[in-house]
Amino acid sequence: MNRRQFLKDASTTFGAAMFAPSLLHAFDAAPSISHVAFVKTTDRAAGVKRAIDLLGMEKLRGKDLFIKPNFNSSDPTPGSTHEDTLAALLRQLKAMGAGPLTIGDRSGMGNTREVMGKKSAFQMGKELGAKVVVFDELASDDWELLKPQDSHWEQGFALPRVVRKAGGVVQTCCLKTHRFGGHFTLSLKNSVGFAAKVVPGNSYNFMRELHSSEHQRHMIAEINTGYKPDLILLDGVQAFTNGGPDQGKMVQSNVILAGTDRVAIDAVGVALLRHFGTTPEVSQGAIFDQEQIARAVQLKIGISSPKQIELVTGDRESAEYAKQIRAVLDGGKA
């Protein structure tokens, strides 16, 4: 399919839903300081509550929220979101007065409905009063084609309207490397699960383009221009320091992070991976020179320097652990 034919088809398939080039600059008011809650723990449920409490998230009260887990596959955590983490997050959001809640994802390594079933998403939704959406089962009109003028996406990318129209977005990601070109998969990379592989009525394979492109890490960052999260929760109780996203070398990293800035969360995540010893790709250079992070900074998705990150702790053990990660974040040795 040539470019002209794709755009013609897209105008029908997506209802001419391309956004203006200026959306790439939608995050002009990047914060001067980004707070990242840092909780040392082996207890996911307790860690989730403590991390969110440290941030003080009153703005979520009364919001209808879309929750994006990491259900790329059904592999055990950190290959995918732990059931305890997602359940604790849902319970905490409900306790804070948020709602209604919707959970959704698209798997890259497996059938999405089967993956979500194995991860107890449907059962959890029923028990905790959350709607569950399988992105692969959405109709063509349920997708919105986004085509930033200066992105590396040849045909743009499509995001679900249910996400774009939500009152707020919450995502929970894992701590791990990515052996298929992403280098690491934290909050920025978790956003790939929002994007369509194929939209009904059009055969163009967006994920084939992504995974075959030399600009993959830039394209990952660019997906993040399509939405802005109200909360990001990173489960780093365990981490893959090599391999990933489904399997890899596991370490007990014993941390839960929470924040609102994807760049800040990913920078701290990379510092954690370096602290435990990770791949050459993730280890080399300054953290903010990592391509996912550098492109996100260009797009004003978040803060632009480690100096703008403030690690927030609530106990001595977390503070001592955070001090070690702070040194890595600032360019010291792991």
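Reply: Arg 326 is partly exposed, its relative accessible area being 21%. Its salt-bridge partner is Asp 330, with 2.9 Å from N to O. Asp 330 is also partly exposed, at 47% relative accessible area. The model is a predicted one, and the count of salt bridges in it comes to 13. Side chains of opposite charge can pair when their charged atoms come close.

Another of these pairs is Lys 63 with Asp 230, where the closest N and O atoms are 2.5 Å apart. This pair links distant parts of the chain, 167 residues apart. Lys 63 sits in the loop between helix H2 (44-55) and strand E2 (65-68), while Asp 230 sits in the loop between helix H9 (216-223) and strand E9 (231-243). Lys 63 has a relative accessible area of 25% and is partly exposed. Asp 230 has 8% relative accessibility, so it counts as buried, the limit being under 20%.

Arg 113 and Glu 137 form a further salt bridge, their closest N and O atoms being 2.6 Å apart. Here too the pair links distant parts of the chain, 24 residues apart: Arg 113 belongs to helix H4, and Glu 137 lies in the loop between E4 and strand E5 (143-146). Both count as partly exposed, Arg 113 at 39% relative accessibility and Glu 137 at 49%.

Helix H4 (112-118) and strand E4 (130-134) are also among the elements that cover the buried residues of helix H5.

Technical notes
Residues are numbered from 1 along each chain as its sequence is written. This is a predicted model: local features need pLDDT of at least 70, side-chain atom pairs count only at pLDDT 80 or more; totals for chains, interfaces and linings use all residues. Side-chain values use heavy atoms; hydrogens and water are left out. Contact means heavy atoms within 4.5 Å. Helices (H or I, at least four residues) and strands (E, at least two) are DSSP runs, numbered from the N terminus. A salt bridge is a side-chain nitrogen of Lys or Arg within 4 Å of a carboxyl oxygen of Asp or Glu. Buried means under 20% relative accessible area, exposed over 50%, partly exposed in between (1.4 Å probe, protein chains only).
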